[in-house]
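Please open the model in your viewer, and keep the sequence panel beside it.

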Amino acid sequence: MRNLSVVTEFILLGIPHTEGLETMLLVLFLSFYIFTLMGNLLILLAILSSAQLHTPMYFFLCKLSIFDIFFPSVSSPKMLCYLSGNSRAISYAGCASQLFFYHFLGCTECFLYTVMAYDRFVAICHPLRYTIIMSPRACVILAMGTSFFGCIQATFLTTLTFQLPYCGPNKVEYYFCDIPVMLKLACADTSALEMVGFISVGLMPLSCFLLILTSYSRIICSILQIRSAEGRHHAFSTCSAHLTAILLFYMPVVLIYLRPTPSPWLDATVQILNNLVTPMLNPLIYSLRNKEVKSSLRKVLHQLGFLPEQLQREITNWHFNHNS
């Protein structure tokens, strides 16, 4: 990547219209960030420590938890740093790295949600062939493929943004370096690049969303053919968490990148939801409706000393009586 810029650093101005609220935002966002890290680490420990969770669905959920740890870590530490009164400056290379890793992790998660929808499609529509189709080798290839194509997409978008000359203004009207705000600072005509970026950023999630929609339309048709109400309920429950997570992931993407007239304050608010709140909610979404994950989480919490043995027995007995 050739650097034509005379700008050596950028100044992050933060979330628009929040002057004087730095302390409140610091406490709020730090709480979100800590809960995000703790929740996803617990999900990881629960999956890794339970042999019954070593299946394709939980393998992909494990990777999602890893990315949900790194995704908010791209922008949150720097934001928390300047909210606590430290410098708002970020180097040219640091800004480019933020943009690359943000889109690498975001694009990879987008592909990963698509793969998880395919996994549910195979499990419900082709249950007898599930272990053959979703073999360990196939799962590893699919997982590596999501990262590979995410890296290609992020490299393209980062190169597209930073091949422009930045020779004057260096104040980023945002809390991290992203494509729309960086293009405003370029010392060149960016109209063509804005269109290319819009098409690139728009086509990738749209294609993934259509594939997910296709998978779930087939899944719903198969579920409706199940005769027993209990069977239908179980099939729906395995998909509801994934559908909820997909909606939480795609709504911010549409609001930020696919609107014709951007709004800095609205974009920042939605981006916070996307960066911090959604990764924080994913562990809750995937554990609340999943008995296996909840059982493994209780064991992990007990081993870590957060759940007394007597309370664990009472919860286990309650679930047994409730399910009976």
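Two residues are said to be in contact when heavy atoms of theirs lie within 4.5 Å. Keep that in mind as you select threonine 36, which, leaving out residues up to four places away in sequence, touches Asp68, Pro72, Leu276, Pro279 and Met280. The model you are looking at is a predicted one, and in it threonine 36 sits in helix H1, which covers residues 22-49. Is threonine 36 buried or exposed? Its relative accessible area is 0%, and because buried means under 20%, threonine 36 counts as buried.

Now show the whole protein, in which you can find 12 helices and 3 strands. Of its 324 residues, 48% count as buried, while the accessible surface comes to about 16600 Å², with 69% of that belonging to carbon and sulfur atoms. If you consider the contacts between residues at least 6 apart in sequence, 78% of them join residues at least 24 apart.

Next, select helix H2 (residues 56-73) together with helix H6 (residues 136-162), whose axes are 10 Å apart and which pack at an angle of about 25°. Because angles under 35 degrees count as roughly parallel, H2 and H6 are roughly parallel to each other, and their crossing is right-handed. To see where they meet, display Pro56, Phe59, Phe60, Lys63 and Phe67 in H2, and then Cys139, Val140, Leu142, Ala143, Met144, Thr146 and Ser147 in H6. Sorted by class, the residues of this contact between H2 and H6 are 9 nonpolar, 2 polar and 1 charged.

The axes of H4 and H6 come within 7 Å and cross at roughly 145°, and H4 passes H6 in a right-handed crossing. The contact of H4 with H6 is made up of 16 nonpolar and 9 polar residues, with no charged ones.

On the H4 side, the residues of the contact include Cys107, Phe111, Tyr118 and Phe121, and on the H8 side they include Met204, Leu211, Tyr216 and Ile223. In this contact of H4 with H8 there are 17 nonpolar, 3 polar and 2 charged residues.

Stay on H8 and select serine 200, which lies in that helix. Which residues does serine 200 contact, leaving aside its neighbours within four places in sequence? They are Gln153, Phe156 and Leu157. Serine 200 and glutamine 153 are 47 residues apart in sequence, and their C-alpha atoms are 8.3 Å apart in space. With a relative accessibility of 12%, serine 200 counts as buried.

For the last stop, select helix H3, residues 76-83, which is mostly covered, since 6 of its 8 residues are buried. The buried ones are Ser76, Lys78, Met79, Leu80, Tyr82 and Leu83. Just after H3, move on to glycine 85, where the backbone takes a positive phi of about 105°.

Methods
Residues are numbered from 1 along each chain as its sequence is written. This is a predicted model: local features need pLDDT of at least 70, side-chain atom pairs count only at pLDDT 80 or more; totals for chains, interfaces and linings use all residues. Side-chain values use heavy atoms; hydrogens and water are left out. Helices (H or I, at least four residues) and strands (E, at least two) are DSSP runs, numbered from the N terminus. Ala, Val, Leu, Ile, Met, Phe, Trp, Tyr, Cys and Pro count as nonpolar, Asp, Glu, Lys and Arg as charged, and the others, Gly among them, as polar. Buried means under 20% relative accessible area, exposed over 50%, partly exposed in between (1.4 Å probe, protein chains only). Accessible areas come from the Shrake-Rupley method with a 1.4 Å probe; for residues, only the protein chains shown count as cover. Axes are lines fitted to C-alpha atoms, for helices over the stretch in contact, and angles run from 0 to 180 degrees between N-to-C directions. Angles under 35 degrees count as roughly parallel, over 145 as roughly antiparallel, 65 to 115 as roughly perpendicular and the rest as oblique. A crossing is left-handed if the near helix is turned anticlockwise from the far one by less than a right angle, and right-handed if clockwise.
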